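This report concerns one structure, shown below with its sequence.

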Amino acid sequence: MGNLFIYNVADHDTTAYTICYAIYMLAAQPDVQNWLGEEIDSVFAGKDGVETWEYEKAIPKLKRCLALMYETVHLYRPAVFIPRATSTESTTLKLEGKEYTLPPQTFIIVKHELMKPMPVGCLFWSIGLHSCPGKKFAKVEFVAVIAHLFRKHRVKAVVEPGEKKETVKKSIFEVLEAPSLEVTIKMNHPEKVKLVSEE
């Protein structure tokens, strides 16, 4: 039961934050929205209702939507650290020529920014045997939401009277670059930049 709770909360929060950050990034880059729209239109040509979309055929073709997810996760990781624990036996680590012995069942927090060079794969989902079991679900959820939102709509920031578009674009990135870091990333003050959706 505990694992189901973790899967649900971990997937919901991280994917929701990733979608939120992606939408703000897209609001600052209308050309990228049009680039996504081209792919979405080609995949769903003649299929206006979401109920007519076929998962098995559509999701593998939405490579640009998935690329948006990868770029968003690369720039704004929703999970700030990876909690890990040693096994029931002592574990020896070798770091910069020194050996460290960790006692059994020691809790470890791996910080993304300290891992250089990055290992193969996307560290956000972890790698190896203990990688995230919700990885595929998160990808499908992100791609489906972005495809649905940008099928017929575009998002833009509201430009108030007297404001310049470049100032608003700068404000979007200021909001994106100043998150609070808890277990997951959280956007501070998204209300500073109002977004609207247009058909």
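The model is predicted.

**Helix packing**

Helix H4 comprises residues 63-75, and helix H2 comprises residues 30-43. The axes of H2 and H4 lie 8 Å apart, and the two helices pack at an angle of about 140°. H2 and H4 are therefore oblique to each other, because only angles over 145 degrees count as roughly antiparallel. On the H2 side, the contact is made by Trp35, Leu36, Glu38, Glu39 and Ile40; on the H4 side, by Lys63, Arg64, Cys65 and Leu68. These residues divide into 5 nonpolar and 4 charged, with no polar residue.

**Two residues of interest**

Threonine 72 is located in H4. Threonine 72 is buried, because its relative accessible area is 0% and the limit for burial is under 20%.

| Residue | Residues in contact |
|---|---|
| Threonine 72 | Thr18, Tyr21, Ala22, Met25 and Arg77 |
| Leucine 68 | Ala22, Met25, Leu26, Leu36, Phe142 and Ile146 |

**Nonpolar core**

The largest nonpolar core has 36 residues. Those with the most contacts inside this core are Ile40, Phe44, Leu62, Leu68, Ile172 and Leu176. Two or more residues each come from helix H1 (2-27), H2, H4, helix H5 (135-150), strand S5 (154-157) and helix H6 (165-176). H1 gives the most, with 8 residues.

Technical notes:
Residues are numbered from 1 along each chain as its sequence is written. This is a predicted model: local features need pLDDT of at least 70, side-chain atom pairs count only at pLDDT 80 or more; totals for chains, interfaces and linings use all residues. Side-chain values use heavy atoms; hydrogens and water are left out. Helices (H or I, at least four residues) and strands (E, at least two) are DSSP runs, numbered from the N terminus. Buried means under 20% relative accessible area, exposed over 50%, partly exposed in between (1.4 Å probe, protein chains only). Contact means heavy atoms within 4.5 Å. Axes are lines fitted to C-alpha atoms, for helices over the stretch in contact, and angles run from 0 to 180 degrees between N-to-C directions. Angles under 35 degrees count as roughly parallel, over 145 as roughly antiparallel, 65 to 115 as roughly perpendicular and the rest as oblique. Ala, Val, Leu, Ile, Met, Phe, Trp, Tyr, Cys and Pro count as nonpolar, Asp, Glu, Lys and Arg as charged, and the others, Gly among them, as polar. A nonpolar core is a set of buried Ala, Val, Leu, Ile, Met, Phe, Trp, Tyr and Cys residues joined through side-chain atoms within 4.5 Å. Lists of a residue's contacts leave out its neighbours within four places in sequence.
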